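The sequence and structure are shown first, and the description follows.

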Amino acid sequence: MKWSRIGIGALVGLAITAPLTVLFFLGNRFAGLPLVPFDLFEWLTRNLPGRLVIGGIDAMVAVLTSLGFSVRATAKAAEQTLAVVLFLLAGTGAGMLWFVLAPRLPSRAARLGAGLLLGGLLGGVFGWLSLAAGQSATTGAILGLAWVIGLFLGWGVLLAWVETKLFPPALAAGTNARTEAADRPVVEPLDRRTFLIILGAASATITLVGAAASTAAARGAGQAAAASSTAVPTLQPGLAAAPAVTVSLPARPDAIAPAPGTRPEYTPLADHYRIDINLLPPQISGATWELPITGLVDKPLTLTLNDFYAQRWGEPMNLLITLACISNEIGGDLIGTTQWTGIPLRRVLEEAGIQQGAAYLQIASADGFYETVPLDMIRADERIMLTYLWDGQPLTTEHGYPLRIYIPNRYGMKQPKWITSIAVTDTDKAGYWVERGWDATAAMQATSVIDTVAVDDIIGAGAERRIPIGGIAHAGDRGIAKVEVQVDGGEWQEAQLRTPLSGLTWVLWRYDWPFAAGAHTFAVRCTDGKGALQVMEASMPYPSGATGVHTVQRQIEA
Ligand SMILES: Nc1nc2c(c(=O)[nH]1)N[C@H]1C(S)=C(S)[C@@H](COP(=O)(O)O)O[C@H]1N2
Ligand SMILES: [Mo]
């Protein structure tokens, strides 16, 4: 069997890029060194045209959904896998190119030198990208850069060396080559197939052992961080203890009971969806984090987390809030409800003193995310707040530690996490996702969802039997006035509404449907607190949030 140079190049590229990938993971797990495959992926998603990235996200969500996975639970893992696969593919491609181009270099030494050069170049560029645009490294820049360059130098030389082993440069008629050949013992040309098998086996062994070690380390770390791997260390030198805030849900003695199988009204923190542009969330030290408030202000401020803990602006606000992602599909799980604790932004701005002509806040985050908020909106709405606790605890790393903003009635894309600077300006500037084509306002659409058709919890008996149907309805801060259920295209029937946790949360609804055996289609729609019926026409999340009627089909046994 004759192997082509391209095919062998692809195999070799993959065989040496796989252990490289694992080394990056190990370095990151054990020493906080840059995780180049992730950082490159993040750099790509931030710099490719927005439409392409959105198409990619849509495709991923579609694949996950069609495979029956929860988007909330698997999206990050899928992205991370994609990042690794792309890195391996790039390595495979590099191997192919190398094997095709190498014959242009006459001598073994030239090829090894070129491999070294290539490795150094890639290491330099990727190391710089990783440190400039990535989130993965927690070590110093010099060490990180040295690690990346070192690994890529090794990769480049290995690639070149393997190529010269498999295809020894023909001894040209040149004098140099002849002298070189004369100086060295004649070796048997290596059996290509044997060599490739050895290379593949070595690569697979290193990759598997490394991956196992890395996974074990991650598990250990997860266990050390107790219940949630996303919790931040609460005791940090120089940082006061976070204030104790309890989560208090309002007593609603008259509220109707949810239909069995309805999602929890208050989302357990571990189940709250997470969406952001990072494969790994930014790690910020609460003790050293500072938030500068600059621009058109009388007195520029530098806030610290202790300022929030010590109630520099008085009592914080505790609000029960439903947050949703604009990418959430009808009936999707990128929506959750928890208690947010923060300081009204306008209190902080009063201290800084807004100057004449100022009209916007430009907010920037540690991950390169940014968004602009009109000052008029902040002045008019006390609920717009700088949030530092969720569910009574400091924000977890994934949900924006140490500080994020809350803006009522807006999808999550307008609400930066991991805030690192606020500038008061007179100029508007499109936010991160607005710049990429999403709705500039991103006001929450009214949406209603069927969570359950509780066939196992039938109430009543005989002809009086009823099946509880239930779910949520949500319309930002507009509230929900009415929810209606339709069975098999019949009349819309009004459901009962459970008193919501607050005016900012979803409403749980319930409809006890007169039992009828057979195959049925259930549909739901809602009317918001201002009297507007939800948009019933189906539309995709892009660009303004999904609309349409949620329906489920059930076979009801007699
Ligand atoms: N810094 C930063 N903030 C961000 C994002 C981001 O990528 N980076 N994503 C936004 C989006 S699209 C959503 S839906 C919410 C999600 O917040 P959560 O992950 O805490 O649920 O965060 C928002 N804030
Ligand atoms: Mo989002």
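## Sheets, a helix and salt bridges

The bridge partner of L361 in strand β10 is V424. Six bridges join β5 (residues 360-365) to β10 (residues 419-425), and these two strands run antiparallel. Helices (H or I, at least four residues) and strands (E, at least two) are DSSP runs, numbered from the N terminus; two strands pair if DSSP finds at least two bridges between them.

This is a predicted model, in which local features need pLDDT of at least 70 and side-chain atom pairs count only at pLDDT 80 or more, while totals for chains, interfaces and linings use all residues. Residues are numbered from 1 along each chain as its sequence is written, chains are lettered from A and ligands numbered from 1 in the order in which they are written, and side-chain values use heavy atoms, with hydrogens and water left out.

Strands β5 and β10 belong to an open sheet of five strands, with the order β2-β1-β10-β5-β6 and mixed pairing. Its edge strands, each pairing on one side only, are β2 (301-304) and β6 (370-374). From one strand to the next, the twist averages 20°. Axes are lines fitted to C-alpha atoms, for helices over the stretch in contact, and angles run from 0 to 180 degrees between N-to-C directions.

Helix α10 packs on this sheet, touching β1, β2 and β5, and its direction makes about 140° with that of β2. Contact here means heavy atoms within 4.5 Å. Within α10 (residues 345-352), L345, V348, L349 and A352 are buried. Seen down the axis of α10, the buried residues fall within an arc of 100°, so they line one face of the helix; the arc is that of the directions from the helix axis to the C-beta atoms. Buried means under 20% relative accessible area, exposed over 50%, and partly exposed in between (1.4 Å probe, protein chains only). Just after α10, G353 takes a positive phi of about 75°.

### The four-stranded sheet

A further open sheet has four strands in the order β14-β13-β17-β18, with antiparallel pairing. Strands β14 (492-494) and β18 (550-556) form its edges, each pairing on one side only. Neighbouring strands of this sheet are turned by 30° against each other on average, direction ignored. Within it, seven bridges join β13 (residues 480-487) to the antiparallel strand β17 (residues 518-528). One of the residues involved is V487, whose bridge partner in β17 is F522.

### Two buried residues

L508 is placed in strand β16 (residues 507-514) and, at 1% relative accessibility, counts as buried. Beyond its neighbours within four places in sequence, its contacts include P258, T262, R263, E265 and Q496. The C-alpha atoms of L508 and Q496 are 8.7 Å apart, and the two residues are 12 apart in sequence.

T267 lies in the loop between α8 and β1 and is buried, with a relative accessible area of 9%. The side chain of T267 reaches the backbone nitrogen of T337 at 2.8 Å. Leaving aside neighbours within four places in sequence, T267 is in contact with H272, G336, T337 and W506.

### Salt bridges

How many salt bridges does a search of the whole structure find? The search finds 21. A salt bridge is a side-chain nitrogen of Lys or Arg within 4 Å of a carboxyl oxygen of Asp or Glu.

| Pair | Closest N and O atoms |
|---|---|
| K76 and E79 | 3.6 Å |
| R252 and E265 | 2.9 Å |

K76 and E79 both lie in helix α4 (residues 71-101), three residues apart, about one turn of the helix, and both are buried.

R252 forms its salt bridge with E265 at 2.9 Å. Both R252 and E265 lie in the loop between α8 (192-224) and β1 (290-295), so the pair ties together parts that are 13 residues apart in sequence. R252 is buried, with a relative accessible area of 17%, and E265 is buried at 12%.

E398 counts as partly exposed at 22% relative accessibility, whereas R274 is buried, with a relative accessible area of 11%. Salt bridges that share partners join K76, E79, R274, D276, E398 and K417 into one network.

How values were computed: A polar contact is a pair of N or O atoms within 3.5 Å; within protein, one must be able to donate a hydrogen and the other to accept it, and residues adjacent in sequence count only if both atoms are side-chain atoms.
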